[in-house]
Structure formats: structure tokens, C-alpha cells
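Here's a quick tour of one protein model, from the overall fold down to a few individual residues. Have the structure open as you read.

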Amino acid sequence: MFEALLSHPDFWKYVSIPVASGLIGWGTNWLAVQMTFWPKEFIGIKPFLGWQGIIPAKAEKMGRIVVEKTLEKLGSIDEFFRQMEPEKIAAHLTRSTQDRIEEYTDEVMLERNGVLWENLPLMVRKRVYNRARRAIPDVMDNLIDDISRNIEDLVDIKHMVVTQLTEDKDLLIRVFREVGEPEFRFVVNSGFYFGFLFGLLQIPVFVLMPENWVLPVFGFIVGIATNWVALNVIFRPLNPVKMGPFRVQGLFLRRQKDVAEQFARISTTEMITLRNMMHQVINGPRGDRTRMLIKKHLRPLLEGGVVRTAAQLTVGPGGYADLKRAIEEKAVDLSMYPFEDPVFNRERGAIVEKVISERMQALSSEEFQDLLRPAFQEDEWILILVGGVLGAMAGMFQLLVVFGVS
């Protein structure tokens with residue numbers, strides 16, 4: 001049979017079958033990966049005539065999966081905040097505020113009675129600055145200690161992360177792409193290898209049964225099978241299985257240490273950052289409680305002579321209450337400024353990154369696969385079916401162009 005095949009006038013056409021089949025497998029798998037992530041926004045006519053990447057289309061659900069399946073298993077917001085060393089956060093706040101105390105004080109005073117404040121002797125204004133500067137360390141220590149003890153009530157970690165990933169689809173895509181980059185690359189490349197193998201099986205079938213339907217049907221099978229096989233190789237077997245001298249396990253699961261390090265890095269530089277936590281503390285759904293804490297801890301500063309002295313010298317006794325409110329509002333407005341420092345954020349995040357990485361490496365295979373598996377599971381049947389349809393179309397093209405069937 002082999003000699004007959006070599007002497008067959010269509011030998012090279014038959015040789016092209018596994019190559020074409022490999023290209024079909026590669027192309028359909030490549031498209032499946034692209035359709036998982038792109039486009040970020042729906043293109044077409046809603047609700048059914050068009051497409052949006054599976055992950056951005058279900059951004060809120062994917063964000064919840066990241067939190068519920070991974071982050072919530074690795075620690076609480078209280079634990080993460082304590083790992084960031086609240087005493088160093090208070091010291092950073094103190095330094096940042098003391099460095100700009102004159103600017104902040106001038107800003108408030110100039111709003112209330114700029115002429116009188118500017119005409120006060122410099123020695124008197126310095127007295128106000130110095131009183132505020134001396135009071136700030138105790139205020140910041142007490143404020144951060146209070147926030148630390150109440151962080152679970154002030155920050156909803158699920159709301160924080162899900163909101164961020166829903167609003168920033170680029171970040172959501174990056175979380176899944178960076179964590180699963182080798183697996184997505186394997187899905188694409190394996191499409192060619194598996195497709196080529198299916199194509200080798202296709203040759204004897206087409207030689208023995210040269211029917212017009214064989215190539216399109218095999219193209220359909222290749223398009224579906226390459227996706228299905230690739231997905232199973234990534235996640236199966238779930239736990240290591242000994243096969244002779246080898247230990248076999250799903251590709252993603254074998255990379256648990258590397259994935260843990262990558263996920264911990266992106267989590268602590270993009271999602272669970274000190275800046276994001278404090279933004280939630282101050283501006284999140286429970287921000288009114290934080291404002292009450294800030295005002296409570298400002299009270300010794302406001303009533304300890306600083307504001308009283310400034311009020312007597314500028315707005316008079318009648319403007320004292322108004323000036324207190326102005327300073328409280330200013331304190332809330334300025335409270336995020338020290339947390340914009342990228343270097344300090346990275347230092348605090350590095351501590352939490354180590355904790356998340358170590359705990360993620362300790363997850364069971366069942367828990368660990370939940371990080372990436374949803375990216376493939378969501379509407380997986382659509383991707384496989386699209387691969388089959390495109391494979392059938394490619395098989396038809398091969399039949400018409402390569403074999404010249406009309």
C-alpha cells in the first residue's frame with residue numbers, strides 16, 4: 001500500500017494533508033485564545049450578532065473568581081494590612097504631612113482670611129506651624145492604629161478588587177494572560193502538532209475512501225479535537241501520576257511555584273496595594289466611617305491650641321467652629337496624597353507578595369487550578385465549536401484548491 005501511495009499521481013497532495021491539518025489546528029487554537037481575550041468591548045449588533053472576549057465580557061464574574069477562588073483563600077484584608085506594618089505607614093504619613101505642614105496650613109488660612117494671615121508676623125505663623133508639627137506624630141499613630149483595628153469594617157476586599165478589575169479590563173486580561181502565558185502558548189502551538197497527527201490518520205482514510213466529505217469532516221474533527229486535547233493536557237491529570245520513570249501532571253499544575261510568584265507580584269503591585277486599600281478606606285462604600293475616625297483623631301490637634309491660636313489671630317472667636325470644619329475637610333481631601341508614593345507602595349507590597357506566594361504554593365491542586373481554569377471554562381463550548389466550523393471550512397478549501405474538486 002505504501003509503494004502504491006508513493007507512485008500515486010496525487011502523492012504530494014496527500015502529503016499536504018497533515019501539513020494543512022496542522023495549520024488548521026494551529027489557526028483554530030490561535031483564534032480560540034484571541035477570542036478568550038479580545039475584543040475588550042462588544043463588536044457587532046447586540047445581543048447575539050457579534051462578539052466580545054469571554055473574559056472582558058464577564059469582567060465582574062471573573063473578578064469575583066479571582067477574589068473568591070484565590071485571594072480569600074490566601075489571607076484576609078486585616079492580615080494583609082498588618083503585614084504592611086502599620087507603624088511604618090504611620091511614620092510615612094507623619095513625614096509626608098510634616099514636610100508640607102506650612103503649605104497645608106497656609107492653604108486653609110488663606111481661604112478663610114488671607115489678608116490677615118499674610119500680614120501676621122512670620123514669628124507668629126511659625127508658632128502655629130510648629131504646634132501642628134509637634135502634634136502630628138501622635139495624631140497619625142493613633143489614626144493608623146484605629147484604622148488597623150477596624151480595617152475589616154472599612155475595606156471590602158471583594159468590592160475593591162472586583163471594582164478595579166471590572167473597570168480596568170486591561171488589568172483583568174493581564175492577570176489571566178501573565179499567569180497562564182505558557183499554557184496559552186501551548187494551546188496555540190499544540191494545535192499544529194495534534195493537527196499534524198490527526199492529518200496522518202486522515203491520509204489512509206482519504207486514500208481508501210476518497211469521498212468529498214472526508215476532508216471537511218476531518219477538518220471539523222481536527223478543529224474540535226485539538227482544542228479539547230490541549231485543554232486536557234493543561235489541567236489533567238490534576239495530581240501527579242507515576243507512569244514508569246515519569247511523573248505526569250497537567251502543565252499548569254506543574255508550574256504552581258512559578259504561577260504563585262507571578263500572581264503574587266501582579267496582585268501586590270496592581271490590586272492589593274496600600275494605595276488601593278487606603279482609597280477604599282477613604283472613598284469606598286464605608287468611607288463615611290473613616291471620615292469620622294479622621295475627625296476624631298484630629299480633635300486633639302484642633303482643640304490643643306493650634307487652631308484656637310490661628311482663629312484668634314485671624315477669624316476671631318466666631319470663626320473658630322468654621323475653621324475647624326475647614327481643616328477637617330482639608331485633612332480628608334489630603335489624606336490620599338502620602339499613599340501615592342510608588343516606592344513606599346512597592347516596599348509595603350513586597351512583604352505581602354511573599355506571604356501570598358508562599359500560601360499559594362501550598363494550595364491543593366484542586367484549589368490551585370481554579371485560578372486559570374475559569375478562563376477556559378467560560379463558554380468553552382463556543383470556542384471548540386467555532387474551531388470545528390473553521391476546520392471544516394479549511395477542509396473544504398483544501399478539497400477545492402489542492403485536490404481540484406469542483
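Two residues are in contact when they have heavy atoms within 4.5 Å of each other. With that in hand, take the contacts in this protein between residues at least 6 apart in sequence: 79% of them join residues at least 24 apart. Keep in mind that this is a predicted model.

**The big picture**

The protein has 22 helices and four strands. Of its 406 residues, 48% are buried. Its accessible surface comes to about 19900 Å², and carbon and sulfur atoms account for 59% of that.

In soluble globular proteins, nonpolar side chains tend to be buried together. Here the largest nonpolar core has 74 residues, and Ile147 and Met360 are the ones with the most contacts inside it. Which helix gives this core its largest share? That would be helix α11 (residues 169-208), with nine residues. A second, separate core has eight residues, including Phe206, Val214, Leu215 and Phe218.

Back to Ile147 for a moment. Once its neighbours within four places in sequence are set aside, Ile147 is in contact with Phe81, Leu154, Met278, Val281 and Leu293. Met278 and Val281 are both among the buried residues of α15, a list that also has Leu274, Asn276, Met277, Gln280 and Ile282. Helix α15 (residues 274-283) is mostly covered, with seven of its 10 residues buried.

Now for helix α6 (residues 86-99). An α-helix has 3.6 residues a turn, so residues three or four places apart point the same way.

How does α6 sit against helix α8 (residues 122-149), and what is the angle between them? The two pack at about 145°, with their axes 9 Å apart. The crossing of α6 past α8 is right-handed. On the α6 side, the contact is made by Pro86, Ile89, Ala90, Leu93, Thr94, Thr97 and Gln98. On the α8 side, the residues are Arg133, Ile136, Pro137, Met140, Asp141, Ile144 and Ser148.

Most residues other than glycine have a negative phi, and most peptide bonds are trans. Glu85 has a positive phi, near 60°. Its relative accessible area is 23%, so Glu85 is partly exposed. The other backbone feature to look at is the cis peptide bond joining Trp38 and Pro39, with omega about -5°. Pro39 is in the loop between α2 (11-37) and β1 (43-45).

**Some residues up close**

Leaving out neighbours within four places in sequence, Glu183 is in contact with Ile234, Leu251, Phe252, Arg255 and Leu372.

Arg255 turns up in that list, and its place is the loop between α13 (251-254) and α14. At 15% relative accessibility, Arg255 counts as buried. Not counting residues up to four places away in sequence, Arg255 touches Val179, Gly180, Pro182, Glu183 and Gln262.

Thr268 lies in helix α14 (residues 256-271). Its relative accessibility is 2%, so Thr268 is buried too. Beyond residues up to four places away in sequence, Thr268 touches Thr273, Arg346, Gly349, Val352, Glu353 and Ile356.

Trp30 lies in helix α2. At 39% relative accessibility, Trp30 counts as partly exposed.

| Pair | Apart in sequence | C-alpha to C-alpha distance |
|---|---|---|
| Glu183 and Leu231 | 48 residues | 8.9 Å |
| Thr268 and Arg346 | 78 residues | 8.0 Å |
| Trp30 and Phe184 | 154 residues | 8.8 Å |

Key. Residues numbered from 1 in each chain as written. Predicted model: local features only at pLDDT ≥ 70, side-chain atom pairs only at ≥ 80, totals over all residues. Heavy atoms only, no water. Core = buried A, V, L, I, M, F, W, Y, C linked by side-chain atoms within 4.5 Å. Buried < 20%, exposed > 50% of the residue type's maximum accessible area, 1.4 Å probe, protein only. Areas by Shrake-Rupley, 256 points an atom, 1.4 Å probe, with all protein chains shown as cover. Axes fitted to C-alpha atoms, helices over the stretch in contact; angles between N-to-C directions. Left-handed = near helix turned anticlockwise from the far one by under 90°.
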